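Please view the model alongside the text.

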Amino acid sequence: MSSTGESVAMDERSGGDRIPPVVLGTDGSSVSLNAARWAAYIAGALHAPLLVVHVLPIPGHRHAAGTRPWFHGPRLADPDAAVAVRRTALIIGTCAAPAVAEPDIEIAIGSATAVLVERSRRARMLVVGAQTAFGERRTGPTTTGVVARAYSSVAVWRGMPGHPIPRERPVVAVFDGSESTLPALVQGFELAEALGAGLEVVRPRCGMPTGRYGAAAVVPPSRTAGSTAGMAREHPAVRSSETTVSGSLPHVLARRSATSQLLVVAGRRATGASAAPGPTVMFLLRHSRCPVLVCRPR
């Protein structure tokens, strides 16, 4: 495991030919520890380095959205943070591939959202747990803010705490044929290939409303089929299928999550202090039974 002081320079070390890391945001909670197991699984499959970022808040200080975080080295390390980081590193070490068994570690101080968004600039993927608020009735502000503002794709871990990762289940990607949902198709194929999993492409039925949480699909099925077939030719090792669905897309995906290992959906980067993910993503962050990957164009 690298020292905290060394990992502060991650921005510089991630340049050049270095493979962009999978960045894990952790706070020592049980949810973030389960997210750590999953992040190690993904990083190993992608042959990417793993960076663990633990953020300490500044007591009594509130950060405005988008402000640059403050970073600190070992001199300011909090004992509780050190314990949490050691627990996270231990879990990663016991379940990760050798390439990611000793992740880079960074302890930062400031706004968790701002720190993680900053780290996402050069990340292959950002992984966080499904933080909740108000007695688990709502998605927490850090999860919401990171999903809305991160520069990279963001995976939010949801699932059964302590249960084995369902590696045998398929990846599910949502693609309606439009340019805006193409990143979900591309990353769905890439991840399915890396994980050795099957891929199910879900396409909303043309012209059918997807419920109050989403918009109607208006792309001709022929375009969708052509794009999916092209990606299948690029990834011949992936066992892929395409399913057309109607009705409320968020509810359809929530049901599919029970038999999937990952849901892949497209999302746009939002700006502004009150920015939030789209309604379909917000619904899945509350109701999915497997991790949700919100893709950004690369």
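## Salt bridges

Glu118 forms a salt bridge with Arg121, and their closest N and O atoms are 3.3 Å apart. A salt bridge here is a side-chain nitrogen of Lys or Arg within 4 Å of a carboxyl oxygen of Asp or Glu. Glu118 is buried at 12% relative accessibility. Arg121 is partly exposed at 47%. Buried means under 20% relative accessible area, exposed over 50%, and partly exposed in between (1.4 Å probe, protein chains only). The whole structure holds five salt bridges.

This is a predicted model: local features need pLDDT of at least 70, side-chain atom pairs count only at pLDDT 80 or more, and totals for chains, interfaces and linings use all residues. Residues are numbered from 1 along each chain as its sequence is written, and side-chain values use heavy atoms, leaving out hydrogens and water.

## Links across the sequence

Arg124 forms a salt bridge with Glu190, with the closest N and O atoms 3.4 Å apart. Arg124 sits in the loop between H5 and strand S5 (125-129) and Glu190 in helix H7, so the pair ties together parts 66 residues apart in sequence. Helices (H or I, at least four residues) and strands (E, at least two) are DSSP runs, numbered from the N terminus. Arg124 is buried at 17% relative accessibility. Glu190 is partly exposed at 23%.

Arg256 forms a salt bridge with Glu200; here the closest N and O atoms are 2.3 Å apart. This pair also links distant parts of the chain: Arg256 is in helix H9 (residues 249-256), Glu200 in strand S10 (residues 199-204), 56 residues apart. Arg256 is partly exposed at 22%. Glu200 is buried at 16%.

## Helix H7

Helix H7 covers residues 182-195, 14 residues in total. Buried residues in H7 include Pro183, Leu185, Phe189 and Leu195. Just after H7, Gly196 takes a positive phi of about 65°.

Thr228 lies in helix H8 (residues 221-234). Thr228 is buried, at 7% relative accessibility. Its side chain makes a polar contact of 3.3 Å with that of Glu242. A polar contact is a pair of N or O atoms within 3.5 Å; within protein, one must be able to donate a hydrogen and the other to accept it, and residues adjacent in sequence count only if both atoms are side-chain atoms. Not counting residues up to four places away in sequence, Thr228 touches Phe175, Leu185, Phe189, Val201 and Glu242. Contact means heavy atoms within 4.5 Å.

Ala114 belongs to helix H5 (residues 112-119). Ala114 is buried at 10%.

Note on methods:
Expected span 1.5 Å × (residues − 1).
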